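User: I am new to reading protein models and would like to go through one with you, step by step. Could you take my questions in turn?

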Amino acid sequence: MNNNLHHAMNEQLSNWAVLYVKLHHFHWYVKGPHFPTLHEKFEELYDLAAEKLDELAERILTIGGKPLSTMKEYLEHATLKEADQGGNEANMLQLAVQDLQALVAGLQTTAKLAEEAGDDATTDLFVGQIGELQKQIWLLSATLG
Ligand SMILES: [Fe+2]
């Protein structure tokens with residue numbers, strides 16, 4: 001039982017959950033000349049968030065922890081902020097890149113905790129998520145120009 005690690009993992013789970021909803025906001029409300037591309041891209045990203053949050057929650061269970069599972073808890077524990085209303089496609093794209101970067105930083109810190117705890121499988125899980133997010137950041141940044 002490693003409470004620090006469990007707490008940090010729940011914080012990242014909460015970030016994924018907040019991002020999952022926020023990406024739906026972007027998917028539904030994005031407006032502008034790149035609508036079709038961005039509408040589709042945000043869908044791809046919320047699907048990724050759904051997959052990753054489930055993977056992370058089940059890892060927390062596997063190592064004897066309790067994944068947070070309500071929106072109230074996610075909002076209390078997440079370091080990412082919910083979407084504001086409004087915003088054009090450029091803002092949304094920029095916000096999405098910033099959030100993915102913040103999530104990567106959180107995952108990196110948590111991966112270090114897992115490594116210090118000698119939990120290689122949890123470290124690997126985070127390293128995998130970080131790699132996938134970094135690729136998405138690159139793809140989104142290329143769209144930003
Ligand atoms: Fe849709």
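User: Which residues does L23 touch, not counting residues up to four places away in sequence?

Analyst: This is a predicted model, in which local features need pLDDT of at least 70 and side-chain atom pairs count only at pLDDT 80 or more, while totals for chains, interfaces and linings use all residues. Residues are numbered from 1 along each chain as its sequence is written, and side-chain values use heavy atoms, with hydrogens and water left out. Contact means heavy atoms within 4.5 Å, and leaving aside residues up to four places away in sequence, the residues that L23 touches are F42, L45, Y46 and A49.

User: What is the average pLDDT of the protein?

Analyst: The predictor's confidence in each residue is given as pLDDT, on a scale from 0 to 100. In this protein 99% of the residues score at least 70, and the average is 95.

User: How is the pair of Y20 and Y46 classed?

Analyst: Rings of Phe, Tyr and Trp (its six-membered ring) pair if their centres lie within 6.5 Å, and planes under 30 degrees apart count as stacked, over 60 as edge-to-face and the rest as tilted. By this rule there are two aromatic pairs. For Y20 and Y46 the ring centres are 6.2 Å apart and the planes stand at 85°, so this pair is edge-to-face.

User: Which helices hold Y20 and Y46?

Analyst: Helices here are DSSP runs of H or I with at least four residues, numbered from the N terminus. The pair ties together parts that are 26 residues apart in sequence, because Y20 lies in helix α1 and Y46 in helix α2.

User: Is V104 buried or exposed?

Analyst: The place of V104 is in helix α4, and V104 touches I130, L133, Q134 and I137 when residues up to four places away in sequence are not counted. Buried means under 20% relative accessible area, exposed over 50%, and partly exposed in between (1.4 Å probe, protein chains only). Because its relative accessibility is 7%, V104 counts as buried.

User: How far apart are the end C-alpha atoms of helix α4?

Analyst: The expected span of a helix is 1.5 Å times one less than its number of residues. Helix α4 has 28 residues (residues 89-116), so it should span 40 Å, and this agrees with the separation of its end C-alpha atoms, which is 41 Å.

User: Which residue with a positive phi follows α4?

Analyst: At the start of α4, a side-chain oxygen of N88 reaches to within 3.1 Å of the backbone nitrogen of A90. After α4 comes a residue whose phi is positive, near 70°, and this residue is G118.

How values were computed
Helices (H or I, at least four residues) and strands (E, at least two) are DSSP runs, numbered from the N terminus. A polar contact is a pair of N or O atoms within 3.5 Å; within protein, one must be able to donate a hydrogen and the other to accept it, and residues adjacent in sequence count only if both atoms are side-chain atoms.
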